[in-house]
Amino acid sequence: MNLLARAAALCVPLCVLMSPALAVDFAVVHATVVTVDGPVIQDGTVLVTNGRIEAVGARLPVASGVPVVDAAGGWLTPGLIDLHSHMGVYPWPNLNAHEDGNEMNHPSTPQVWAGDSVRVMDPAFSRARAGGITTVHVIPGSANIVGGEGVVLKLRPSRTLAGLLVEDAPRSIKMACGENPKRVYEKDADGPSTRMGNLAWMRATFQSALDYREARAAGASPPVAKDAGLETILDVLDGKVKVHVHCYRHDDIEGVLRTMDQFGVKVTSFHHATDAYKVRDLIAAHGAGVATWPDWWGFKIEAFDAIPDNIRLVKEAGIPVALHSDSPDMVQRLYLEAAKVVGTGLDEASAWETITMDPARLLGLEGRIGSITVGKDADLALFDRDPFDVQARVQKTWIEGELVYDRAQEGTPDAHP
Amino acid sequence: MTVPKREPLMPIPDPRGGLDRRQALMLLGAGLLTPSELLASELDPARFSGFVDGERQSFTLSNGTVLTHDGLVLLNAGIRVEGGRIVEVGRGVTGGEDLGGDWLVPGLVDAGCTLGMYEIGGEPSTRDDGDGPAVTVAARAVDGLNPRSQTLAVARAEGITHALLHPSLGRLVPGQAGLIRTAGGTLDSTVRRESVALVVCFGASAKGGEGGPSSRIGISRALLELMEGAPEPQALSARGRSGAGGTWRENSRSTSPPDTEHDRVLQQVRARSLKVIAAADRADDIERALDFFDAHQLDGLIMGGAEAWMVASQVADAGCGVLLGPLTTQPDSFDHIHARYENAAMLHDAGVPLALRSGGNHSSRRLRLQAGLLTAHGLPHEAAIHALTAGAGALLGVPGLGRLDPGTAATFFRATGDPLQPRSQVVQVWMAGRRADMRTRQTELRDRFETLSPR
């Protein structure tokens with residue numbers, strides 16, 4: 001490489017930073033930047049180009065002409081991510097006719113997709129945006145052993161589902177065990193009414209898909225008709241779909257792992273998992289994650305042993321933990337829920353991971369969201385102070401560089417957008 | 001797997017000499033202890049009192065940050081307690097235990113919840129939070145209380161020292177609310193006031209119960225009939241009441257002396273010797289509740305108040321306090337379409353006296369963070385503290401409740417920082433000068449599983 005070429009190569013990154021011709025969308029300056037993938041940056045600058053993070057660092061130069069957002073010492077964080085949401089499928093207001101989250105007519109409904117139930121203009125979405133949430137994993141409820149496929153949404157203002165969809169997100173499926181399926185189906189002739197029934201249903205579901213594949217391959221006559229649900233289960237068995245299991249009790253977690261191991265299925269995460277701390281070694285050995293709350297407990301007996309230290313103990317065991325909301329109320333303040341976990345002794349960097357990087361990992365989107373890293377989507381939340389301070393409020397939220405919430409303009413979002 | 005072992009927040013000396021409950025049970029299981037050897041520690045009822053100290057103590061704490069019930073933050077301050085009562089509080093206190101800057105905060109009051117009335121939400125067999133027909137005037141929340149409930153211990157460990165218990169809503173008149181403290185172990189020691197107010201529901205929360213109304217028209221009619229059937233209060237009847245005499249409503253009242261608990265309670269309500277708490281969220285239901293108070297000259301409070309900001313001036317003009325909560329910020333029902341974060345701040349600005357409530361049971365411990373959140377949306381910090389402490393005491397009519405005054409019971413807690421902040425931890429609670437037990441089932445589970453056993 002001659003000298004001239006080498007100089008040109010060296011110049012490229014600098015040119016990207018400096019040249020208005022390359023269309024830096026905007027810069028946030030004078031922010032305390034919680035990058036999550038590195039130390040907190042004081043007096044930080046974040047440059048956004050074409051919806052991506054272009055650069056991040058302390059007091060970076062900003063070319064003239066680039067629109068600047070002066071954070072004035074406020075805190076800039078990655079857009080927050082909720083791994084367990086029913087927004088849209090149980091939209092506000094809570095009404096009988098709005099119950100679109102559980103296809104409660106069969107213990108296994110792998111053929112349904114949560115995206116088909118989403119009320120696109122659920123007012124909960126705007127409230128979540130005002131809480132710095134940018135990405136949510138909307139999943140079916142826990143009535144069924146196999147509840148159906150989930151959908152990953154980015155909370156842009158939109159009148160269409162297409163406007164919310166993260167189309168290339170890895171597929172996910174919601175499964176469940178414990179009290180809910182056995183309660184819902186206890187009066188059904190062949191539905192599960194016990195924990196052993198739940199796991200038998202899980203095994204039977206996997207086995208029926210394997211049998212279906214065999215029959216299709218054997219070219220049976222008459223030919224076995226294509227079954228959308230069983231095709232989905234085959235994709236689960238083939239590792240093409242991330243498996244998220246609603247599961248509270250430690251022995252349910254163990255039982256699900258035993259069942260999954262039998263069929264070679266990897267569990268991506270256990271949701272709610274209020275007993276996870278008791279079997280964190282098993283969860284770590286399997287390579288699964290955990291999604292849970294800091295302090296919900298006692299609403300049913302399988303959540304009676306929930307402890308505030310669950311997240312700390314599980315996280316310290318090296319397991320990714322998504323601090324989830326499962327609630328259109330809590331999702332508005334996920335950052336304060338993370339602050340509670342700091343109160344139990346978890347370090348702040350780890351607490352930040354539970355609402356950003358860890359849920360990104362468990363969605364399979366760790367290369368794209370979850371931290372303020374060059375090249376990632378410019379999904380950002382700007383707070384007026386340390387978000388773990390109870391008085392903190394989100395000032396602005398961006399999704400892929402687009403300003404989707406601005407407190408100065410909108411205040412608290414109204415009931416009817 | 002090894003994880004750092006933390007000391008329990010406050011080790012409890014064991015009367016048997018260093019053997020804790022779990023160790024004792026393990027030894028018993030291993031055949032190393034006989035049941036009779038276990039009895040002394042394991043079967044001492046005092047273990048379940050919620051107190052570590054058997055008696056009211058005398059002690060001094062200094063070099064702390066005292067947060068008064070008016071929300072003043074006093075640095076380099078402390079408290080001196082004698083025989084369970086506060087003798088001195090503030091900047092002048094020296095000596096005794098050094099708090100190292102930790103905060104001292106008056107005990108928090110959850111001004112409306114079902115604490116201790118059930119263990120497991122989803123298990124009817126554990127629930128004692130009310131039942132029966134739509135109107136159960138004689139029903140008392142304290143009769144559903146389990147004073148040894150784990151839900152009390154968990155709330156206590158987060159600084160909640162008192163709670164107004166009410167029967168669960170969902171019926172027109174679910175019964176009477178009472179005041180408890182979150183330690184005591186026995187009913188006698190835990191219940192402070194068996195009856196503070198009669199609870200009446202408006203709007204969606206009134207729909208339910210056998211034979212109850214299922215519309216707002218029916219709710220108003222049923223409440224009118226209830227009050228028409230209520231006996232005349234003797235005192236008021238004797239001196240007459242301006243503006244009430246001679247109306248059809250006045251003439252239709254029973255004048256016979258009360259002969260049932262139902263009548264006796266309604267007579268107290270009429271005589272304003274028992275408060276009425278109206279559960280109402282939708283703005284027009286709050287207006288109806290204010291009209292109900294006015295029509296019957298009742299000593300009323302609003303409970304809930306999700307849309308109260310829309311009628312803040314009417315509430316203020318009526319001189320009516322609000323037991324605000326649970327925190328409702330969103331259009332999650334047609335009774336909450338106009339709920340908003342600024343609700344508390346707007347009521348405070350209008351001059352409405354406030355107390356705060358969780359409305360829950362297991363969720364009571366989240367009250368201090370909910371109060372903090374209101375400060376992020378315009379409620380002054382001192383107003384939030386007042387609402388959680390002395391403001392609640394004043395609205396419920398309980399002298400001394402929530403106050404840090406010389407002469408009042410020494411009921412307060414030590415925290416690592418501002419109690420409204422999520423990162424602050426409650427270190428120790430005192431009630432009437434006795435150290436409360438900070439252990440809960442949850443801290444015991446934490447300690448048991450800090451390190452995992454081999455199997």
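Which residue in β9(A) is the bridge partner of A:H137?

Modeller: Happy to! Please keep in mind that this is a predicted model. Chain A has a mean pLDDT of 94, with 93% of its residues at 70 or more. The exception to keep in view is residues 1-21 of chain A, where the pLDDT is below 50; that stretch has twelve contacts in the model beyond near neighbours in sequence.

Now to your strand. The bridge partner of A:H137 in β9(A) is A:V152. The two strands involved are β7 (residues 133-138) and β9 (residues 151-154) of chain A, which pair in the antiparallel sense over four bridges. In a regular strand, side chains alternate between the two faces of the sheet. For β9(A), A:V151 and A:L153 lie on one side, with A:V152 and A:K154 on the other. Both faces are covered, and all four of these residues are buried.

Stepping back, the largest nonpolar core holds 239 residues. Those touching the most other members are A:V46, B:L165, B:A278, B:I302 and B:V315. Strand β9 of chain B (residues 191-201) supplies the largest share, seven residues, while domain 1 (3-73) and domain 2 (79-370) of chain A each give at least three. As for B:V315, its contacts beyond four places in sequence include B:I286, B:L290 and B:I302.

Finally, the contact between the chains takes 38 residues from chain A and 37 from chain B. On the chain B side, α12(B) gives the most, with five residues. That side divides into 15 nonpolar, 13 polar and nine charged residues.

Note on methods: Residues numbered from 1 in each chain as written. Chains lettered and ligands numbered in written order. Predicted model: local features only at pLDDT ≥ 70, side-chain atom pairs only at ≥ 80, totals over all residues. pLDDT = per-residue confidence, 0-100. Contact = placed C-beta atoms within 7 Å. Nonpolar A, V, L, I, M, F, W, Y, C, P; charged D, E, K, R; others polar. Buried ≥ 20, exposed ≤ 12 C-beta atoms within 10 Å, placed from the backbone. Pairing = 2+ DSSP bridges. Core = buried A, V, L, I, M, F, W, Y, C linked by C-beta atoms within 7 Å. Domains from an automatic or database assignment.
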